[in-house]
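Subject: Structure handover

Hello,

Here is the structure I promised to pass on. Please open it first, then read the notes below.

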Amino acid sequence: MRWNEGRRSDNVDDRRGRPGPVMAAGGIGLGGLLLAVVVGLLGGDPMVVLQQMSSGGGMGPMGGQSSRPRAPTAQENQLADFVSVVLADTEDTWEKEFREIGRNYRPPTLVIFDGVVASACGQASGATGPFYCPRDQKVYIDLGFYRQLRQQLGAPGDFAQAYVVAHPVGHPLKQQLGNEHKVTPKEQRR
């Protein structure tokens, strides 16, 4: 795939390098639990992952947010560019599909953050993993997740990285088609 020749999405809110909300230690999140399960299935010790996340340390750079903003690296900027191209590809694909059935597709905004982010569904750390918030109809991703994908889960490559964007985009897609289950108040806080 020659991704760098693709269109970039205008629906990207890049919040990297901005001071984020302060998140209390102990928030593991669904992504953290899933990561611990995968580590266990791959023969690692899931308790190491859970202990590191529950102590507020997250997984390396995905832990708590520093009060000092930092400039993204060239590699992180290239990854943000890749994410924008993948998002644009999902927009182009679903706009065409919706047009064929006489409907209008409303693409979600993708928020790129590092460390901790505030969403309409509450605060989340990068340890939560990529997620969709139905309250603000935005997809959130900490690019540090790609490091975990490559180093800890053994899933490098463009396809795995593209899937990380395309999967949460499917949630608002299902909502627009009327196939998403009704969200309960408890699920809205996830």
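Start with a salt bridge: the side chains of glutamate 91 and arginine 7 meet at 2.9 Å, N to O. (A salt bridge here is a side-chain nitrogen of Lys or Arg within 4 Å of a carboxyl oxygen of Asp or Glu.) Glutamate 91 sits in helix H3 (residues 74–100) and arginine 7 in the segment before strand S1 (12–14), so this pair ties together parts 84 residues apart in sequence. Helices (H or I, at least four residues) and strands (E, at least two) are DSSP runs, numbered from the N terminus.

Before going further, a note on the basis. This is a predicted model: local features need pLDDT of at least 70, side-chain atom pairs count only at pLDDT 80 or more, and totals for chains, interfaces and linings use all residues. Residues are numbered from 1 along each chain as its sequence is written, and side-chain values use heavy atoms, with hydrogens and water left out.

Back to the pair. Glutamate 91 is buried, at 2% relative accessible area. Arginine 7 is partly exposed, at 39%. (Buried means under 20% relative accessible area, exposed over 50%, partly exposed in between, with a 1.4 Å probe and protein chains only.)

The salt-bridge count is six. Another one joins arginine 8 and aspartate 81, at 2.7 Å, N to O. Arginine 8 lies in the segment before S1 and aspartate 81 in H3, so the pair ties together parts 73 residues apart in sequence. Arginine 8 is partly exposed at 28%. Aspartate 81 is partly exposed at 26%.

Arginine 16 and aspartate 14 also form a salt bridge, at 2.7 Å, N to O. Arginine 16 is buried at 13%, while aspartate 14 is partly exposed at 31%. Shared partners join Arg7, Glu91 and Asp92 into one salt-bridge network.

Now the sheet. Four strands form an open sheet in the order S1-S2-S6-S5, with mixed pairing. (Two strands pair if DSSP finds at least two bridges between them.) S1 and S5 (131–133) are the edge strands, each pairing on one side only. S5 and S6 (residues 138–142) run antiparallel and are joined by three bridges. Cysteine 133 stands opposite lysine 138 in S6.

Last, the helices. H3 lies across S1 and strand S2 (109–113). Helix H5 (residues 158–177) lies across S2, S5 and S6. Contact means heavy atoms within 4.5 Å.

Best wishes

Methods:
Axes are lines fitted to C-alpha atoms, for helices over the stretch in contact, and angles run from 0 to 180 degrees between N-to-C directions.
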